[in-house]
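Please look over the sequence and the structure before reading the points below.

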Amino acid sequence: MNSSTGDKLSDMRLWTLHPRYLDTKGLLAVWREGLLAQSVLQNKTAGYRNHPQLRRFSASPDASAAIATYLRGIYQESVRRGYHFGEDKISRVEHHEQIPCTRGQLLYEWKHLKEKLRQRDIHRYQTMENIPEPDPHPLFYIVDGDIEDWEKNIELR
């Protein structure tokens, strides 16, 4: 994670993990970042088109629909927790096809999230520390493989 660049998106994380594992800070961040990603994928903003976190959405037959489906999963988790995210900010397009993601990526993100939780929400960390493999976000299905090629943050390997 390279926050020293001053680039807010250097830390962008569109988690493969199911949003139920995220703490409040993580859920709020992925909502914000997902909305920004939606703008990028809909060509409503000029920057960040080649950000590595967007590649799996861009590779989908309908990138705009894929990110909208991703955001709906985040929104559903926010409702479950009693938060008031703006559903009207999600594009109305539908996406019914899941996107493959490697087990290595899922486990890499799991380790990454647990390290964050150990630092900022020890209780949440303790409830999840012994889960060997988390569920993915409903948009994704897991296939065998290592960390995805687009993953830039390899310090956790």
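The points below cover the overall architecture and then the salt bridges. The model is a predicted one. The protein contains five helices and two strands, and the structure holds nine salt bridges.

**Overall architecture**

- Starting at the N terminus, the elements follow the order α-α-α-β-α-α-β.
- Of the 157 residues in the protein, 50% are buried.
- Of the contacts between residues at least 6 apart in sequence, 77% join residues at least 24 apart.

**A salt bridge between E151 and R13**

- E151 and R13 form a salt bridge in which the closest N and O atoms are 2.8 Å apart.
- E151 lies in the segment after β2 and R13 in the segment before α1, so this pair ties together parts that are 138 residues apart in sequence.
- Both E151 and R13 are buried.

- The side chains of R80 and E77 meet in a salt bridge, with 2.6 Å from N to O.
- R80 and E77 are three residues apart in helix α3, and therefore about one helical turn separates them.
- R80 counts as exposed because its relative accessibility is 57%, whereas E77, at 5%, counts as buried.

**A salt bridge between D144 and R103**

- D144 pairs with R103 in a salt bridge whose closest N and O atoms are 3.0 Å apart.
- D144 lies in the segment after β2 and R103 in helix α4, so the pair ties together parts 41 residues apart in sequence.
- D144 is exposed at 68% relative accessibility, while R103 is partly exposed at 28%.

Notes
Residues are numbered from 1 along each chain as its sequence is written. This is a predicted model: local features need pLDDT of at least 70, side-chain atom pairs count only at pLDDT 80 or more; totals for chains, interfaces and linings use all residues. Side-chain values use heavy atoms; hydrogens and water are left out. Helices (H or I, at least four residues) and strands (E, at least two) are DSSP runs, numbered from the N terminus. Buried means under 20% relative accessible area, exposed over 50%, partly exposed in between (1.4 Å probe, protein chains only). Contact means heavy atoms within 4.5 Å. A salt bridge is a side-chain nitrogen of Lys or Arg within 4 Å of a carboxyl oxygen of Asp or Glu.
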